[in-house]
Structures are given as C-alpha cells and as structure tokens.
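We will go from stop to stop, selecting a few residues each time.

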Amino acid sequence: MRMYQYTNIEALAYILKNRTIRFNRLDKVDDIEEGNAESLGVKFCKYVFVSCWTEVEEENIPLWKMYGGDKGGVRIGLEQKMFKEYPVSNLELGWGLPQGYILSKIPPEDMVNPNFFILPIMNYDNDLFYRHIKYVDDVFSYTKDAIKISNVKGDRGDVQMEMKPFGYYKHKRWEFQNESRFVLYAFPYNPLIEGGNPEISSIAIQSYLSNKPLPFEDYYMRLNDAAFDDIEITLSPSATDAQRIIVECLKEKYAPNAHVRESSLGKLIRLK
C-alpha cells in the first residue's frame with residue numbers, strides 16, 4: 001500500500017540525504033485542539049510523535065497549499081512498510097530482562113536510554129503504530145479519561161494509562177485531509193531500566209504529573225533501503241523550472257531509482 005505526504009523541497013532533501021522520516025511532537029502539530037488534548041492535567045501529547053500521510057492517490061489541493069507551499073512543494077509516495085528494522089536480543093539492563101529476540105523499528109540504543117523509552121514497534125498491523133484518523137465532534141471527550149491514578153498514598157499509587165486516544169482523534173473540520181499516520185509513544189523514564197525498581201510506580205506518577213520533559217522535540221525513524229528504490233516524487237502543480245532541476249539533482253545524488261512526476265493538476269490550477 002502506497003502512502004503520500006505533501007511537503008517542501010527542503011524537507012525532501014533531508015529525507016533523501018539522511019534516509020529518515022521526521023516524527024513531529026503532537027503538541028507541535030498545526031491542529032492546536034489535538035495538540036492540547038490532556039487527561040488528569042497530564043499533557044500527554046508531549047510524549048506522542050506522529051508522521052502524517054494520506055492513502056488517497058488523487059492529489060489534494062488543500063494539502064498542496066497547506067504543506068507544499070505556493071510553488072516549491074512536492075508529494076512523496078512510499079510504500080507503507082518503509083521503515084528499517086533492527087534485530088534486538090538480550091538487552092543488557094542489569095536486572096534480568098527475559099532472554100528473547102524481536103525485530104523492532106526502534107533501534108536498541110533508544111530502548112536502553114535512561115532518560116526516555118519509545119515503545120518498540122514491531123509490525124504495521126498494530127493500530128497503536130499505524131491508524132486512520134477518526135474525525136469527531138469533541139477530541140477532549142476521547143482523551144480526558146485516558147489516564148487514571150488510584151490508591152494514592154503520598155507519592156505512590158497505581159497508574160492506568162490508555163495511550164491510544166492521543167493521536168487518534170481530530171475534529172471533523174479536518175476531514176478533508178483523509179489522514180493516516182504513524183504514531184510513536186515515548187515515556188519520560190525507562191520502564192525497562194526501572195523495571196526492577198520497587199519505586200517504579202512512584203517514578204511513573206511523578207513523571208507524568210510534573211509533565212517531565214523529554215530530551216528531544218522530534219524523532220527520526222530510518223527508512224529501509226527498499227524504500228528508495230520505489231520512492232515517487234510528484235512536483236507541485238506550480239513548480240518552476242528551477243525547482244524541477246533541484247528535485248532532479250536530489251534524485252540523481254541520493255535516490256537514482258526514484259520516479260519524478262509532474263502533477264496531474266499542473267494545467268488545471270494555479271497555486272497562489
């Protein structure tokens with residue numbers, strides 16, 4: 001299945017050169033309502049990172065305008081299974097993690113960092129990682145009860161957290177985007193490292209209630225090699241000759257097998 005993302009030529013250059021896709025923090029996206037969703041006073045959107053796409057092959061004029069700019073935009077087309085996989089086995093954490101082996105799209109070094117933890121995504125069928133956005137009348141009604149803390153005694157208690165509602169719902173005013181997205185969830189502590197700590201519950205509670213920051217504001221996932229053999233780059237409907245030259249040069253240097261195409265709207269609309 002092919003996914004499409006509307007962006008600018010500068011972002012295309014970074015994608016091709018670094019072979020990565022940027023995940024934006026949810027409270028930094030253009031939908032302010034979605035980015036402000038919270039539960040129990042916890043601004044959990046600061047722990048959610050998204051990469052936004054659409055499965056719709058037909059070109060979308062509003063998306064060209066919003067994300068491609070007036071003239072210098074492109075639309076990237078990639079197969080859904082675009083991310084590199086890392087073999088992870090027998091992580092050395094010091095407290096006896098069960099022996100095992102997984103293929104994770106999160107590199108092992110980001111699973112043992114003491115300052116954060118990103119859920120190790122293993123497949124594309126899990127809607128915790130990939131989902132079609134649900135468009136609703138009130139986003140907050142779906143997130144307000146996502147976090148529950150019970151049996152509180154001092155700074156101790158039991159935390160129940162449903163992460164999925166964050167990054168799943170947008171207001172109906174955004175339906176024109178027909179958005180699908182990849183989602184990552186990060187913790188401001190590492191439950192693997194702290195798993196043997198009897199204070200783990202207190203660490204979790206204090207981290208969330210204090211809205212503890214992460215050491216990064218965006219996250220980059222590496223693309224697999226096959227993605228560059230089949231990447232499709234569609235030029236803006238109002239692309240200039242200079243922009244065509246730039247895209248062709250990027251293709252020749254970083255992705256010689258890429259397919260560069262003219263927009264199907266090139267003779268039909270003028271972006272202003």
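The tour below visits some charged pairs and then a residue in a helix.

Before you start, note that this is a predicted model, in which local features need pLDDT of at least 70 and side-chain atom pairs count only at pLDDT 80 or more, while totals for chains, interfaces and linings use all residues. Residues are numbered from 1 along each chain as its sequence is written, and side-chain values use heavy atoms, leaving out hydrogens and water.

**Stop 1**

Searching the whole structure gives 18 salt bridges (a side-chain nitrogen of Lys or Arg within 4 Å of a carboxyl oxygen of Asp or Glu). Side chains of opposite charge can pair when their charged atoms come close. Helices (H or I, at least four residues) and strands (E, at least two) are DSSP runs, numbered from the N terminus.

R22 is partly exposed at 41% relative accessible area, and D218 is partly exposed at 26%. Here buried means under 20% relative accessible area, exposed over 50%, and partly exposed in between (1.4 Å probe, protein chains only).

**Stop 2: E232 and R75**

Next, select E232 and R75, a salt bridge whose closest N and O atoms are 3.7 Å apart. This pair also joins distant parts of the chain, with E232 in strand 15 (residues 232–235) and R75 in strand 4 (residues 73–79), 157 residues apart. Are these two buried or exposed? E232 is buried, at 7% relative accessibility, and R75 is buried, at 5%.

**Stop 3: K172 and D137**

Move on to K172 and D137, whose side chains form a salt bridge at 3.5 Å, N to O. K172 lies in the loop between strand 12 (169–171) and strand 13 (179–187), and D137 in the loop between strand 9 (134–136) and helix 4 (140–143). K172 is partly exposed at 37%, whereas D137 is exposed at 56%.

**Stop 4: T143**

Finish in helix 4, at T143, which is buried at 1% relative accessibility. Its side chain reaches the backbone oxygen of E38 at 3.3 Å. Which residues surround T143, leaving aside its neighbours within four places in sequence? T143 is in contact (heavy atoms within 4.5 Å) with A37, E38, S39, P165 and F166.

Definitions and conventions
A polar contact is a pair of N or O atoms within 3.5 Å; within protein, one must be able to donate a hydrogen and the other to accept it, and residues adjacent in sequence count only if both atoms are side-chain atoms.
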